[in-house]
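Hi everyone, thanks for coming. I'd like to walk you through a few charged residues and a couple of backbone angles today. Let me put the structure up first.

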Amino acid sequence: MLRSLKDLERYTVCATDGDIGGVVNFLLDDERWTVRYLVVQAGGPLILNGRMVLISPISFRQIDWSTKRFDVALSMNKVENSPSIDVDKPVSRAHEQDYSRYYGYSYYWGDPGLWGMRAYPGLLAEERSSAAPAVDTTESDDVHLRSASEVRGYHIQGSDEAIGHVEDFIVDDETWEVLYLVIDTSNWWVGKKVLVAPQWASRISWSERKVHVALSKEAIKKSPEWNGNEAINREYEARLYDYYGRPVYWEGGDRTEGSSLGKDRPDR
């Protein structure tokens, strides 16, 4: 099912022996448009109050959407002693390596799958072993994670005029892939929000906090209406992809067209 990241904030993350705290942010992979970590403000009785910790979807046991709870296969003590990471700064691959070795997770990067050789984080969890992964020194200083709260507010520049700004992200709640950016166009079209797949971006400038898309203002205006109060179904997605003339992703369409989140590329 597709879900809004904003709706998942303040969900409670629960360890095997108590509540860890609430979700306050997410870290997005700037190469694969995937949520790699939940940023959790720890507040349980055995956890240092106020400390920010990272929780990977790899650790999920189950999610109770009705009570807004993420149950993870981790003890509170394990989380308490996890490597310290400054979530207000870009998280490097070296930090991720420390995190993965601590929890005994296989690396998700370096293979073609969304999660290593797997499509789902839960499948990667099955590969974890008591042996720490080998240290990968390549790209150890590369930064591939971006704060969702930072990217919200980025301006969207169309092929002719400014279109709006990023308001939210729509993710698949099984793969944790970001399937759509929610674009607020209220600066020129009050009450209109549109969905744009991140792969349709032609360039992203981090210094300018701007996303460039090869779409005109008029094309955005005539795009299929999106109602944020209703769940996104396949019928709506099909109309959206058909309108923009893009191959649908659920039938093996090319989703790599455009740019990765982390690299500037020239506009078309």
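Let's start with Glu96, which counts as buried because its relative accessibility is 2%, under the 20% cut-off. Before I go on, please keep in mind that this is a predicted model. Glu96 sits in helix 3, which runs over residues 93–103. So what does Glu96 touch, leaving out residues up to four places away in sequence? The answer is Tyr37, Val91, Tyr108, Trp109 and Leu145.

Now to the salt bridges. How many does the structure hold? There are 15 salt bridges, and I've picked a few to show you.

Here is one of them: the side chains of Lys193 and Glu167 pair up at 3.9 Å, N to O. This pair links distant parts of the chain, with Lys193 in strand 12 (residues 193–196) and Glu167 in strand 10 (residues 162–172), 26 residues apart.

Next, have a look at Lys192. Its salt bridge partner is Glu225, and the closest N and O atoms are 3.1 Å apart. Is Lys192 buried or exposed? Lys192 counts as buried, with 3% relative accessibility.

Moving on to helix 7, we find a local pair. Glu237 and Arg234 form a salt bridge through their side chains, at 3.1 Å from N to O. They are 3 residues apart in helix 7, so about one helical turn separates them. Glu237 counts as buried at 2% relative accessibility, whereas Arg234 is partly exposed, with a relative accessible area of 42%. And there is a network to show you as well: Glu9, Arg152 and Asp168 are joined into one by salt bridges that share partners.

Last topic, the backbone. Most residues other than glycine have a negative phi. Trp33, though not a glycine, has a positive phi of about 50°. You'll find Trp33 in the loop between strand 3 (18–29) and strand 4 (34–42), and Trp33 is buried, with a relative accessible area of 2%.

Arg209 is not a glycine either, and has a positive phi of about 55°. Arg209 is placed in the loop between strand 13 (201–205) and strand 14 (210–213). Arg209 is partly exposed, at 35% relative accessible area.

Notes
Residues numbered from 1 in each chain as written. Predicted model: local features only at pLDDT ≥ 70, side-chain atom pairs only at ≥ 80, totals over all residues. Heavy atoms only, no water. Helix = DSSP H or I, 4+ residues; strand = E, 2+ residues; numbered from the N terminus. Buried < 20%, exposed > 50% of the residue type's maximum accessible area, 1.4 Å probe, protein only. Contact = heavy atoms within 4.5 Å. Salt bridge = Lys/Arg side-chain N within 4 Å of Asp/Glu carboxyl O.
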